[in-house]
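The notes run from the whole chain to the local detail.

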Amino acid sequence: MQIIDMHCDTLLECYQKNYGLRRNTGHVDLLRMKDAGALAQFFAIYLPMDDNLTPYRLFQEIYNVYTRELAANSDLIAPAISYDDILIHDREGRMSAVLSVEDGHLLAGKLERLDELYDKGVRLMTLLWCRENCIGFPDSLKREEHRLGLKPFGFDVIEKMNQLGMIIDVSHLSEGGFYDVAAHSKKPFVASHSCARSLCGHSRNLSDEQLRCISEKGGVVGVNYNSYFLREGSDFSSMEDILLHVDYLINLMGVDSVALGSDFDGIECRMEMRGYGQYQRLVEQLERRYPAETAEKICCKNVLRMMKECCD
């Protein structure tokens with residue numbers, strides 16, 4: 001059973017700690033990915049606030065790490081900008097890296113920067129992180145703030161991403177912004193690393209109505225492995241809690257809309273799934289719970305289908 005994971009923050013770890021992708025002490029490295037049966041990994045360039053660098057300059061710095069590491073490990077992995085690339089690399093015996101950006105504040109109101117990101121191979125953008133930016137507003141415990149929608153520039157971003165073939169990711173987005181995306185995107189959109197609010201009441205999680213909306217639009221939700229989004233009040237991420245969210249999403253959204261979005265290397269809680277070394281244990285549990293065809297959809301086929309619809 002091959003795996004596509006929709007979100008990890010490993011590139012920032014490589015940049016800050018000056019270690020490589022082939023083998024490291026974080027959650028994700030290429031050798032463990034290979035052993036686990038990874039087909040593709042979405043590598044996010046997460047952009048924290050930096051007193052010394054603008055967001056766009058920080059993107060460039062981390063992007064340089066990405067290109068350097070992929071060049072140094074071309075025997076194991078290659079950049080993928082399309083559905084076909086993933087299939088080609090798999091036939092070659094290599095995994096695929098899909099580049100994404102977490103937080104569109106690097107656009108700084110300049111729509112042409114989306115063209116630059118696309119030309120560099122970015123195929124997914126998480127519209128924002130936990131702070132307001134030029135696109136819109138984050139999730140919030142305050143109902144009036146959670147209802148805030150996209151800014152005028154945000155609507156331009158949605159249209160441009162659709163035109164380019166870049167996947168729109170609504171993880172971290174306010175509920176008002178979510179429904180603006182749903183109303184204006186002409187292509188499926190995703191929540192790359194989110195969970196079900198009915199099981200865990202965190203504002204980062206998605207309501208049943210939002211989950212159904214993603215499914216109706218042809219999108220997917222990648223289950224996040226952070227304990228804060230799996231179970232209220234928990235500081236331990238268990239495999240069973242991950243599977244409970246998968247079960248809930250399957251029952252609510254159907255088998256074509258559920259995927260994996262670990263948030264590896266962006267999680268600080270204690271974890272049963274301590275990185276790619278435990279991924280096959282999760283796959284085995286999915287195979288016990290579901291028919292092989294359904295388990296394969298969760299592990300990789302749903303993301304492949306979505307990527308074909310959005311990027312090709």
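I began with the secondary structure and counted 13 helices and 11 strands in the protein. I note that the model is predicted.

Next I looked up the overall dimensions. The C-alpha atoms fill a box of roughly 45 × 40 × 35 Å along the principal axes. I compared the radius of gyration with the globule rule: a compact globule of 312 residues would have a value near 20 Å, and the protein has 18 Å, so the two agree.

I then turned to packing. Of the 312 residues, 62% count as buried. I also examined contacts between residues at least 6 apart in sequence, and 70% of these join residues at least 24 apart.

On charges, I found 35 positive and 48 negative, and their mean positions lie 1 Å apart.

I listed the buried residues of α11, among them Met-239, Ile-242, Leu-243, Val-246, Leu-249, Ile-250 and Met-253. Asp-241, His-245 and Asp-247 are also buried in this helix. As background, I noted that residues three or four places apart in an α-helix point the same way, because there are 3.6 residues a turn. Just after α11, I found Gly-254 with a positive phi of about 95°.

Note on methods: Residues are numbered from 1 along each chain as its sequence is written. This is a predicted model: local features need pLDDT of at least 70, side-chain atom pairs count only at pLDDT 80 or more; totals for chains, interfaces and linings use all residues. Side-chain values use heavy atoms; hydrogens and water are left out. Helices (H or I, at least four residues) and strands (E, at least two) are DSSP runs, numbered from the N terminus. The radius of gyration is taken over C-alpha atoms; the globule rule is 2.2 Å times the number of residues to the power 0.38. Buried means under 20% relative accessible area, exposed over 50%, partly exposed in between (1.4 Å probe, protein chains only). Contact means heavy atoms within 4.5 Å. Lys and Arg count as positive and Asp and Glu as negative; His and the chain ends are not counted. The place of a charge is taken as NZ of Lys, CZ of Arg, CG of Asp or CD of Glu.
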